[in-house]
Amino acid sequence: QVQLVESGGGLVQAGGSLRLSCAASGRAFSLKRAWFRQAPGKEREFVAAVTWIGGVNTDYADSVKGRFTISRDNAKNTVYLQMNGLKTDDTAVYYCAAGRGGPARGNYDSWGQGTQVTVSS
């Protein structure tokens, strides 16, 4: 089983930046990792994914391309989400996930508890 703990959320003005972290313990190193988010009244949606099997590969939702960057620190077994140019539409609870990779929520079987990101206008 993989345990995931997110941190780094908070309140920021539109145009600002935040960096989220997701620390993993257990059988997490060989797994593919991702960030999802869920706004009030909406479905949980894919944000970004990263794999490091045979090289680093990343994938992003169209809504965050060019603004968000996902990265990982293998030594710390931690994944980061650098969020720049934040918009009010980015307000959501952000969840870290580990699983089989890709943008489908059903591909992930380990989830963190979530961290709130609020972007004010």
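**A first look at the model**

Modeller: Thr51 lies in strand E5, which covers residues 45–51. Please keep in mind that this is a predicted model.

Biologist: Is Thr51 buried or exposed?

Modeller: Thr51 has a relative accessibility of 15%, so it counts as buried, the cut-off being under 20%.

Biologist: And which residues is Thr51 in contact with, leaving aside its neighbours within four places in sequence?

Modeller: With those neighbours set aside, Thr51 touches Lys32, Val56 and Asn57.

Biologist: Let us change topic. How many disulfides does the structure hold?

Modeller: There is one disulfide. It joins Cys22 and Cys96, whose sulfur atoms are 2.0 Å apart. Cys22 belongs to strand E3 (residues 18–26) and Cys96 to strand E9 (residues 92–99), so the pair ties together parts that are 74 residues apart in sequence.

Biologist: What is the handedness of the Cys22 and Cys96 disulfide, and why?

Modeller: The disulfide is left-handed, because the torsion about its S-S bond is about -80 degrees. Cys22 is buried at 0% relative accessibility, and Cys96 is buried with a relative accessible area of 0%.

Biologist: Take Leu81. What is it in contact with beyond its sequence neighbours within four places?

Modeller: Among the contacts of Leu81 are Leu20, Trp35, Val47, Phe68, Ile70 and Tyr94.

Biologist: How many aromatic pairs does a search of the whole structure find?

Modeller: The search finds four. In one of them, the rings of Phe36 and Phe46 have centres 5.7 Å apart and planes at 75 degrees, so the pair is edge-to-face. Both of these residues are buried. Tyr108 and Trp111 also form an edge-to-face pair, with 6.4 Å between centres and 65 degrees between planes.

Biologist: Are Tyr108 and Trp111 buried or partly exposed?

Modeller: Tyr108 is buried at 4% relative accessibility, whereas Trp111 is partly exposed at 27%. Ring pairs link Phe36, Phe46, Tyr108 and Trp111 into a cluster.

Biologist: Which charged residue sits over the ring of Trp111?

Modeller: The charged end of Arg44 does, 4.9 Å from the ring centre. Arg44 also lies over the face of Tyr95, at 3.7 Å from that ring centre.

Note on methods
Residues are numbered from 1 along each chain as its sequence is written. This is a predicted model: local features need pLDDT of at least 70, side-chain atom pairs count only at pLDDT 80 or more; totals for chains, interfaces and linings use all residues. Side-chain values use heavy atoms; hydrogens and water are left out. A disulfide is a pair of cysteine sulfur atoms within 2.5 Å. Helices (H or I, at least four residues) and strands (E, at least two) are DSSP runs, numbered from the N terminus. Buried means under 20% relative accessible area, exposed over 50%, partly exposed in between (1.4 Å probe, protein chains only). Contact means heavy atoms within 4.5 Å. Rings of Phe, Tyr and Trp (its six-membered ring) pair if their centres lie within 6.5 Å; planes under 30 degrees apart count as stacked, over 60 as edge-to-face and the rest as tilted. A charge sits over a ring if NZ of Lys or CZ of Arg is within 6 Å of the ring centre and within 35 degrees of the ring normal.
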